[in-house]
Amino acid sequence: MATRAVITLPAAIKPGEAFEVRVTAAHAMETGYRSSDEGARLPRDLVRRFECRLDGEPIFTADLFAAISANPYLAFWMRADKPGELSLVWRGDNGFEHRETRTLNVT
Amino acid sequence: MRRREFAVTAAAWTLLPEAQASDEAMRVAIRAWAGRNPEPGNLKIEMAELVENGNAVPVRVVASEAVVGLALFTPLNPEPEVVHVALGAAVARPEFSTRMRLARSQRIVAVAKAADGRCWQAGVDVIVTLAACVEP
């Protein structure tokens, strides 16, 4: 199943000026503590790690646990001096991996 | 029938009784992440004091100075860890936001780690009216 991710960036970025990056990935974040209707334990299925890099340089990395809500949302502030490529990756249980890239429009 | 099944599934988040962390488990988790016991310090946790739905509670952690790491911990969720964040050099503000689950009313703790190894923590009490899990 293709994963959907929403990444919110400003349309235009001024060099050196702080801007907010907001990311959400569609994922159930099943905790492993819930039971199905039949009483069987629903197996754990979490996004474990999120990484955001600018031209390969780590900017924001997060280790996620079961206490993070479904469709994990993260927001942070960064700055960039020149145009670059923002690469985002989510990794999780059962081989989950989702990658996105965005070009930073720094003018 | 399917609709009822869905409603039951959505409503029934049953927690096993043993699945609960404690203050001690949280201290151990904080020490494991920070490498020491943090001092009380200046750290803002922006979060509603009265939460109606514990399934997705917006939370923002803001430090008053530059940090390399921020983390959130809970004493009464099934596990003490919530999220561990590492901030790189291009980060403009020492803060992050996310949405978390709350199994019950409790005191949420945020910890900050500076580049020179100092770390400090702050807590906020949150009341949950509809918990993310049925209380054991």
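A nonpolar core is a set of buried Ala, Val, Leu, Ile, Met, Phe, Trp, Tyr and Cys residues joined through C-beta atoms within 7 Å. In this predicted model, the largest such core holds 59 residues. Residues are numbered from 1 along each chain as its sequence is written, and chains are lettered from A in the order in which they are written. Local features need pLDDT of at least 70 and side-chain atom pairs pLDDT 80 or more, while totals for chains, interfaces and linings use all residues.

**Largest nonpolar core**
- Leu70(B), Leu72(B), Phe73(B), Val83(B) and Val111(B) touch the most other core members.
- Strand β8 of chain B, residues 106-113, gives the most to this core, with five residues; strands are DSSP runs of E with at least two residues, and helices are runs of H or I with at least four, numbered from the N terminus.
- Leaving aside residues up to four places away in sequence, Leu70(B) touches Val61(B), Ala63(B), Val85(B), Phe96(B), Ala110(B) and Ala112(B); contact requires C-beta atoms, placed from the backbone, within 7 Å.

**Chain A**
- Chain A has zero helices and seven strands.
- Its C-alpha atoms fill a box of roughly 55 × 20 × 20 Å along the principal axes.
- Among contacts in chain A between residues at least 6 apart in sequence, 54% join residues at least 24 apart.

**Val28(B)**
- Val28(B) lies in helix α2 of chain B, residues 23-34.
- Val28(B) counts as partly exposed because it has 13 C-beta neighbours inside 10 Å.
- The C-alpha atoms of Val28(B) and Pro80(B) are separated by 8.9 Å, with the two residues 52 apart along the chain.

Notes: A residue is buried if 20 or more other C-beta atoms lie within 10 Å of its own, exposed if 12 or fewer, and partly exposed in between; C-beta atoms are placed from the backbone. Two residues are in contact if their C-beta atoms, placed from the backbone, lie within 7 Å.
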